[in-house]
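User: Please take a close look at a single part of this model and tell me about its surroundings. I'd enjoy one connected account.

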Amino acid sequence: MNGLTMKKMFSFFTISVMAISMRAAGNDIAAKLFDQSSGFRLHEGKVRKQKLIFIPEIPGADTGSWRIVWEKGEKILELILKHPIKLPPFESKIRIEMEIECSPGATLLAADLRLQDAEGEVCMFNSNRGGRYTGNITAIWEIAATGQKVGVSWGRNINKKLDFPVSITNFAFLLQQPKGDITIKSLRLITDPQEVQAEKVTP
């Protein structure tokens with residue numbers, strides 16, 4: 001084995017370790033959303049007749065999942081992160097996955113991700129899963145490092161593009177029925193998924 005080959009192997013190993021480390025760091029942050037004290041809150045939950053309920057993993061635990069309940073109010077629901085998540089560095093794209101369990105009879109029409117960029121613009125992205133959401137599903141959003149198309153946005157310095165660094169600030173869900181509930185089970189951040197295999201984060 002010559003020196004050039006060894007150098008290439010070392011470089012590949014270094015890049016792989018860096019990618020795995022960044023992915024793990026992002027997932028550690030995402031996992032904190034499933035801590036009772038530092039997770040989510042509802043926007044205008046009382047006005048819209050919606051509730052957010054923490055479901056502990058085991059009785060008395062501080063970690064678990066979040067149940068969102070619609071009580072014959074507005075069908076649109078906004079789930080705000082108490083502490084926005086800054087996306088970890090990535091080269092080509094990052095995939096954001098959310099495991100959702102819809103209760104029997106509940107159908108989600110949309111699951112949206114909202115990112116705030118460095119200039120204050122808030123950009124909305126619909127899950128690319130497509131179709132309606134029933135049962136146990138995984139909502140997926142993929143964000144490109146360059147050339148990412150932005151359809152709907154608001155806030156400051158609107159230019160219809162993502163100015164990095166960007167942070168996850170909230171999610172929005174649209175329920176077909178006026179009453180029902182869904183449970184948010186986990187959130188994963190996967191950097192450059194074509195190169196690094198995803199690993200599930202268990203809250």
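Analyst: Happy to! Among contacts (heavy atoms within 4.5 Å) between residues at least 6 apart in sequence, 74% join residues at least 24 apart. This is a predicted model, where local features need pLDDT of at least 70 and side-chain atom pairs pLDDT 80 or more, while totals for chains, interfaces and linings use all residues. Numbering starts from 1 along each chain as its sequence is written, and side-chain values use heavy atoms, leaving out hydrogens and water.

The protein has one helix and eleven strands, taken as DSSP runs (H or I, at least four residues; E, at least two) and numbered from the N terminus. Let's settle on Asp-112, which lies in strand 6 (residues 108–116). Asp-112 is buried, meaning under 20% relative accessible area with a 1.4 Å probe, protein chains only.

What the Asp-112 side chain does make is a polar contact with the side chain of Asn-126, at 2.7 Å. Such a contact is a pair of N or O atoms within 3.5 Å, one able to donate a hydrogen and the other to accept it; residues adjacent in sequence count only if both atoms are side-chain atoms. Leaving aside residues up to four places away in sequence, Asp-112 touches Asn-126 along with Met-124, Phe-125, Trp-141, Asn-170, Phe-171 and Ala-172.

Definitions and conventions:
Buried < 20%, exposed > 50% of the residue type's maximum accessible area, 1.4 Å probe, protein only. Lys, Arg positive; Asp, Glu negative; His and termini not counted. Salt bridge = Lys/Arg side-chain N within 4 Å of Asp/Glu carboxyl O.
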